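Okay, thanks for coming, everyone. Let me put the model up on the screen and then walk you through the parts I'd look at.

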Amino acid sequence: MIAQSHFDVIVIGGGPAGSTAAALLAAKGHRVLLLEKEKFPRYHVGESLMPFCWFTLERLGVLEEMNRIAFTKKYSVQFVTPDGRQSQPFYFFEHSDHPSSTTWQVERADFDLMLLENARKKGAEVRELTPVQRVIKDDSGRVIGVEAAGPDGKVFRALAQMTIDCSGREQVATARDGWRVKDTNLNKLAIWTYYRAAKRDPGIDEGNTTVAYVEDRGWFWYIPLRGDLVSVGIVAEKDYLFSDTKDPAEILKREIGRNEWIKDHLSAGEQVGQYWVTSEFSYRSKFCAGDGLLLAGDAFAFLDPVFSSGVFLALISGEMAADAVDAALVAGDTSGAQFADYGGRLCDVIESMRKLVYAFYDVNFSFGKMLKRHPEQRARLTDCLIGNLAVDFTALFSAMNELVQTPAPLPHGREAAPSLATV
Ligand SMILES: Cc1cc2nc3c(=O)[nH]c(=O)nc-3n(C[C@H](O)[C@H](O)[C@H](O)COP(=O)(O)OP(=O)(O)OC[C@H]3O[C@@H](n4cnc5c(N)ncnc54)[C@H](O)[C@@H]3O)c2cc1C
């Protein structure tokens with residue numbers, strides 16, 4: 001006989017989206033079970049935060065803890081040409097005099113552990129080393145809970161009125177239903193690793209994110225972490241990266257030679273640890289919800305690493321999911337239709353970022369060129385880049401459209417599935 005227990009909400013996955021949703025729902029007094037397959041702290045890519053992460057972190061009550069851990073402070077982003085010319089760092093505090101203008105570069109093992117512990121403190125029951133194997137549906141197709149295996153390997157069932165899938169790219173609840181739709185124009189691949197004792201810029205520029213271009217091909221991220229560690233990776237088309245070898249170490253070495261700034265900064269350092277590769281990173285789910293089910297974070301969509309929007313979208317979607325699920329539970333209606341507003345608002349946010357990402361990858365476009373023509377759009381562009389997405393970007397996007405065709409919004413993701421029995 002399989003053991004069975006009951007909750008108000010089950011959260012699958014304890015990354016930033018899951019821990020945020022679980023903490024906020026538990027704080028509202030709901031009985032929340034969070035199931036995480038790994039034992040934290042665990043490694044995860046995605047270290048550079050966007051300034052507007054601050055607001056969700058404040059609501060979660062973890063800002064003091066962020067400062068205690070003393071993650072690297074990030075005041076700006078800078079861009080570097082292939083021949084090593086460095087743009088003026090783009091300081092967030094010049095745009096807004098608010099604490100959110102100082103953000104962080106975080107080791108995700110520590111950041112995610114802090115958020116998971118916060119969910120526990122707020123009253124969620126958190127079980128690690130507990131992979132969810134499948135969601136359980138009733139005859140109508142409504143999700144009524146999950147089947148998972150505990151650390152002892154024993155399978156158990158947990159039932160709840162709502163399940164929130166925050167399992168990241170694994171998309172546990174919907175992978176079998178084929179909800180993932182690739183954004184084929186953003187079909188990139190990333191290769192990355194870490195260096196110790198590589199060069200850092202002086203003073204407050206020490207924690208900058210640097211985006212360094214490889215001529216017409218792709219770009220590097222250079223993210224200084226605590227101590228003397230730097231995260232460095234390249235993003236480009238797969239065919240280009242794999243053109244003469246599939247060995248990630250060889251590829252990264254070759255590409256490092258194609259940007260003078262990266263070559264110079266890494267020359268003083270020593271590569272440590274393994275090389276990582278990931279592909280197919282741009283997608284959105286066909287639906288945002290179903291009866292008894294809601295998707296948040298990467299389990300709903302992933303755009304691209306270039307503007308460091310991933311953790312921000314995970315945090316705000318976790319927050320929005322908590323509010324939407326709380327409202328649905330209070331109203332006594334957890335049908336998918338309850339979440340159309342959630343899906344619509346989240347897609348609007350992603351679409352704004354998506355336009356910038358498409359423009360970034362267009363070889364005929366540059367933000368510098370656009371700002372020369374339309375200097376009045378600098379503030380709106382900055383709003384978009386820091387995550388202040390509540391403003392009207394119509395004028396910014398028409399200015400961009402003079403130089404590049406920004407993509408039409410994707411039609412899917414806004415609505416809930418009509419019935420999970422039929423999709
Ligand atoms: C190459 C690359 C570089 C990136 N760089 C950045 C960056 O600089 N800045 C940024 O903001 N974002 C970046 N991102 C994106 C960022 O990593 C993600 O968007 C972010 O981690 C999403 O958070 P999440 O909570 O949705 O999912 P995750 O952080 O992936 O968390 C999901 C959790 O679910 C757990 N899980 C999975 N399956 C199961 C299961 N069956 N049962 C239970 N638990 C399960 C996992 O163990 C994991 O802990 C990058 C992404 C890539 C691919």
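Predicted model: local features only at pLDDT ≥ 70, side-chain atom pairs only at ≥ 80, totals over all residues.

So, H1 and H4 cross with a left-handed sense. H4 here is residues 108-121, and the two axes sit 8 Å apart at an angle of about 20°. Anything under 35 degrees counts as roughly parallel, so that's what we call H1 and H4. On the H1 side, the residues making the contact are Pro16, Ser19, Thr20, Ala22, Ala23 and Ala26, and from H4 you get Asp112, Leu115, Leu116, Asn118 and Ala119. Sort that contact by class and you have seven nonpolar, three polar and one charged residues.

Who's touching whom? From H1 it's Pro16, Ala17, Gly18, Thr20, Ala21, Leu24 and Leu25, and they meet a run of H8 residues, including Val311, Ala314, Leu315, Gly318, Ala322 and Val325. By class, that contact has eleven nonpolar, four polar and two charged residues. Notice that Pro16 and Thr20 turn up here, and they're also in the contact with H4.

Let's carry on from H8 to the next helix along, H9. H8 covers residues 310-331 and H9 covers 340-361; their axes come within 11 Å and cross at roughly 165°. Over 145 degrees counts as roughly antiparallel, so H8 and H9 are roughly antiparallel to each other. This crossing is right-handed. H8 brings Leu313, Ser317, Met320, Ala321 and Ala324 to the contact, and H9 brings Tyr342, Arg345, Leu346 and Ile350. In class terms, we're looking at seven nonpolar, one polar and one charged residues.

Okay, the ligand. Which residues come nearest to the ligand? It's a set of glycines: out of 36 residues around the ligand, Gly15, Gly46, Gly168, Gly297 and Gly310 come nearest. The elements giving two or more residues to that shell are H1, residues 16-27, and H8. And H8 gives the most, with four residues. The shell as a whole has 17 nonpolar, 13 polar and six charged residues.

Two backbone details before I stop. Most residues other than glycine have a negative phi, and most peptide bonds are trans. Against that, the bond from Phe40 to Pro41 is cis, with omega near 0°. You'll find Pro41 in the loop between S2, residues 32-35, and H2, residues 53-60. The other one is Leu129, with a positive phi near 50°, in the loop between S7 (125-127) and S8 (132-137).

Along the principal axes, the C-alpha trace spans about 65 × 45 × 45 Å.

That's my tour, thanks.

Note on methods: Residues numbered from 1 in each chain as written. Axes fitted to C-alpha atoms, helices over the stretch in contact; angles between N-to-C directions. Parallel < 35°, antiparallel > 145°, perpendicular 65-115°, else oblique. Left-handed = near helix turned anticlockwise from the far one by under 90°. Contact = placed C-beta atoms within 7 Å. Nonpolar A, V, L, I, M, F, W, Y, C, P; charged D, E, K, R; others polar. Near = placed C-beta within 6 Å.
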